[in-house]
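Visitor: Could you walk me through the side-chain contacts in this model? I would like to learn how each feature is read.

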Amino acid sequence: MSAYKIVDADFVKREIGRMPIVDVRPPLRYDTGHIPTALNIRLDVAVASDDPAEELAEMFQDNGIFADDPVIVYCQIGVHAKIACDYLAQAGYTALYLYAGSMNDWVSDAARPVERSSVSFAKAS
């Protein structure tokens, strides 16, 4: 049995504002567009640690998402979201939902909402 359930865009859209949604992409990708209400919890930071599963779980907990909480995880094409789900399952997370189509699928339908973060870049002097 898989540690996570694979879900589609319709499931994600229904759960916006009801279930935590986590975007595991780097901040620049997240800032240029993400699923509404999604938190940005970086997989790359966790992977760089000595214990990626524990580090990622700690990052989720710091954002109020605990092992028994249902959570949707996505990235750009689904690969990093699957890796994140595998790490979280190792850390004891039991209610994981993998949006396998991830952002590429989400933006394929113009009717699906996309949030953008307001980012300012300092000009190098």
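Guide: Gladly, and we can start with rings. Rings of Phe, Tyr and Trp (its six-membered ring) pair if their centres lie within 6.5 Å; planes under 30 degrees apart count as stacked, over 60 as edge-to-face and the rest as tilted. This is a predicted model, where local features need pLDDT of at least 70, side-chain atom pairs count only at pLDDT 80 or more, and totals for chains, interfaces and linings use all residues. Residues are numbered from 1 along each chain as its sequence is written, and side-chain values use heavy atoms, with hydrogens and water left out.

Visitor: How many aromatic pairs does the structure hold?

Guide: There are three aromatic pairs. One of them joins F11 and Y97, which are stacked at 5.1 Å centre to centre with 25° between the planes.

Visitor: Which parts does the pair of F11 and Y97 tie together?

Guide: Helices (H or I, at least four residues) and strands (E, at least two) are DSSP runs, numbered from the N terminus. F11 belongs to helix α1 (residues 9–15) and Y97 to strand β5 (residues 96–99), so their pair links parts 86 residues apart in sequence.

Visitor: Are F11 and Y97 buried or exposed?

Guide: Buried means under 20% relative accessible area, exposed over 50%, and partly exposed in between (1.4 Å probe, protein chains only). Both F11 and Y97 are buried. Another pair, Y99 and W106, is edge-to-face, with 6.3 Å centre to centre and 80° between the planes. Y99 is buried at 1% relative accessibility, and W106 is buried at 0%.

Visitor: What lies over the face of W106?

Guide: A charge sits over a ring if NZ of Lys or CZ of Arg is within 6 Å of the ring centre and within 35 degrees of the ring normal. Here R112 lies over the face of W106, 5.7 Å from the ring centre.

Visitor: And how many salt bridges does the structure hold?

Guide: A salt bridge is a side-chain nitrogen of Lys or Arg within 4 Å of a carboxyl oxygen of Asp or Glu. The structure holds five. Among them, R18 bridges to E15, with the closest N and O atoms 3.9 Å apart; R18 is exposed at 63% relative accessibility, whereas E15 is buried at 12%.

Visitor: Where do D86 and K82 lie?

Guide: They sit four residues apart in helix α5 (residues 79–90), so about one helical turn separates them. D86 is partly exposed at 28% relative accessibility, and K82 is partly exposed at 36%.
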